[in-house]
Amino acid sequence: MTADPQRWLWAVGAVVLWLVLIAVTVWRERRAAALARARSDAMASAGSGQGQPILVAFASQTGFAEELAWMTARALGDGGVGARVRSFADLDIETLETADRALLIVSTTGEGDPPDAAARFVRTTMTAGADLASLRFGLLALGDRSYDQFCGFGHAVDGWLRRAGADPLFDMVEVDDGEAGAIRHWQHQLNQITGSVTAPDWTPPAYDPWRLVERTLVNRGSPGGEAYHLAFEAVGETPVWSAGDIAEIGLPERDGATPGSREYSIASLPSDGRVEFLIRLMRHTDGTPGLASGWLTQGLALGGEIGMRLRPNRSFHSPADETPMILIGNGTGIAGLRAHLKARTATGGGAWLLFGERARAHDAFFDVELQAWLASGVLRRLDRAFSRDPGDGRYVQDLVAAAADELREWVGRGATIYVCGSLEGMSQGVHAALEKALGLDVVLTMLEDGRYRRDVY
């Protein structure tokens with residue numbers, strides 16, 4: 001007797017469906033268990049620490065943002081900083097107004113839409129007036145670049161907070177489809193808050209070996225401390241990266257402690273055949289060198305190897321070559337701006353660099369290159385301020401204020417603004433100067449449109 005082929009197909013289909021249902025069930029159970037462990041661990045430590053706990057709020061559609069929120073709370077607690085976790089479903093304006101710091105993990109669903117649980121917050125809170133001048137915030141935006149409105153709800157929340165007067169602790173961290181590198185960058189920002197250098201990694205990196213081939217002190221006698229130009233060559237095949245990307249360097253184990261990592265702006269391009277940095281030797285109040293900068297500028301022998309990986313930093317990638325660029329920075333922040341200048345051509349939209357440091361005699365970093373770029377037309381204008389020089393005494397934000405008319409003209413032609421350097425002082429001063437020169441609405445619109453980007457630390 002011959003079997004009915006259609007009956008066999010139905011039977012096979014039923015078995016496949018049954019296996020899929022089992023797999024989905026197992027996945028959900030494992031994810032729920034992981035979330036429960038993260039929540040349990042976080043609740044055990046979130047109440048610790050001194051001062052007012054940091055508000056950790058999440059807007060989640062699939063549970064990933066919630067999971068990251070509880071992991072964030074645990075990281076804060078482990079670092080001695082208290083935390084309290086809230087869903088956007090339970091978040092109101094009073095909670096934000098009474099918080100001094102908030103960390104928000106925000107998903108985007110569909111084409112730029114908020115998660116379902118955040119609908120009430122959008123309808124009742126984001127449409128109402130708010131005074132959040134006493135709030136400082138950080139925002140982790142989860143999205144998918146295959147959609148036109150990448151991290152759309154994250155950008156909407158960021159813009160609303162800024163318009164309400166809140167100040168960012170650091171620039172928004174965008175995560176493309178769960179990208180591990182971006183999540184590690186969020187964890188790096190948490191380490192800056194807690195002061196931790198040995199916190200366990202949520203997504204342990206795979207470092208590649210690199211060899212130190214050059215180290216030069218470039219500002220001997222500077223009142224701002226020693227800065228070194230370092231170059232590393234890949235031990236294996238040289239990877240590809242873009243201007244704006246970041247290098248994550250693994251630190252050596254010390255005193256049995258778990259090794260941490262440091263992030264540095266890359267000052268070179270793959271065409272240079274090596275990764276270059278400009279690193280300042282940091283010193284503690286007792287004069288001892290910093291863990292990472294001391295090792296890289298003093299302890300690591302020439303020819304010695306380190307573990308390093310290059311991480312995409314898409315939010316700081318260059319625009320099209322024909323788009324004019326306004327580059328603003330101070331100190332060793334010129335490293336990241338140098339890579340963008342290297343990527344420009346003389347026939348493109350041109351670039352304008354505004355840079356601040358201590359003393360022209362010591363701290364005119366990469367001056368030979370800058371003069372060559374001026375001569376070729378890659379750099380259309382160069383403004384520098386040296387705060388310790390007699391007759392100068394200006395900072396880079398003073399350059400921004402003095403060039404307000406020209407800045408408006410460049411922005412009117414479609415220029416983008418890229419800022420790289422210190423978070424405290426410089427980036428805040430530059431932001432305030434840009435708001436005064438261009439207007440608050442223009443600056444916020446440029447932020448939302450990706451025409452104003454920052455890599456500050």
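Axes here are lines fitted to C-alpha atoms, for helices over the stretch in contact, and angles between N-to-C directions run from 0 to 180 degrees. The model is predicted.

Start with a pair of helices. Two packed helices are described by the angle between their axes and the distance between the axes. Helix α2 covers residues 64-78, and it packs against α6 at an angle of about 30°. The two axes lie 10 Å apart. Angles under 35 degrees count as roughly parallel, so α2 is roughly parallel to α6. The crossing of α2 and α6 is right-handed.

Which residues of α2 and α6 make the contact? From α2 come F64, L68, T72, A75 and L76. From α6 come I183, W186, L190, I193 and T194. By class, the contact of α2 with α6 has eight nonpolar residues and two polar ones. Charged residues are absent from it.

Now turn to the sheet. Six strands form an open sheet, in the order β10-β9-β12-β7-β8-β11. The pairing is antiparallel. Strands β10 (261-265) and β11 (275-280) sit at the edges, and each pairs on one side only. Neighbouring strands of this sheet are turned by 40° against each other on average, direction ignored.

Strand β8 (residues 227-234) runs antiparallel to β11, and six bridges join the two. Within this pairing, A231 of the chain stands opposite E276 in β11.

Two helices pack on the sheet. Helix α6 (residues 180-194) touches β9 (246-250), β10 and β12 (305-311). The direction of α6 makes about 110° with that of β12. Helix α8 (residues 334-343) touches β8, β10 and β11. The direction of α8 makes about 150° with that of β11.

Finally, consider two backbone details in loops. D177 lies in the loop between β6 (173-176) and α6. Its phi is positive, about 55°, although D177 is not a glycine. Is D177 buried or exposed? D177 is exposed, because its relative accessible area is 62% and the cut-off for exposed is over 50%.

F366 lies in another loop, between α9 (360-363) and α10 (367-376). F366 also is a residue other than glycine with a positive phi, near 55°. The relative accessible area of F366 is 16%. Buried means under 20%, so F366 is buried.

Methods:
Residues numbered from 1 in each chain as written. Predicted model: local features only at pLDDT ≥ 70, side-chain atom pairs only at ≥ 80, totals over all residues. Heavy atoms only, no water. Pairing = 2+ DSSP bridges. Helix = DSSP H or I, 4+ residues; strand = E, 2+ residues; numbered from the N terminus. Contact = heavy atoms within 4.5 Å. Parallel < 35°, antiparallel > 145°, perpendicular 65-115°, else oblique. Left-handed = near helix turned anticlockwise from the far one by under 90°. Nonpolar A, V, L, I, M, F, W, Y, C, P; charged D, E, K, R; others polar. Buried < 20%, exposed > 50% of the residue type's maximum accessible area, 1.4 Å probe, protein only.
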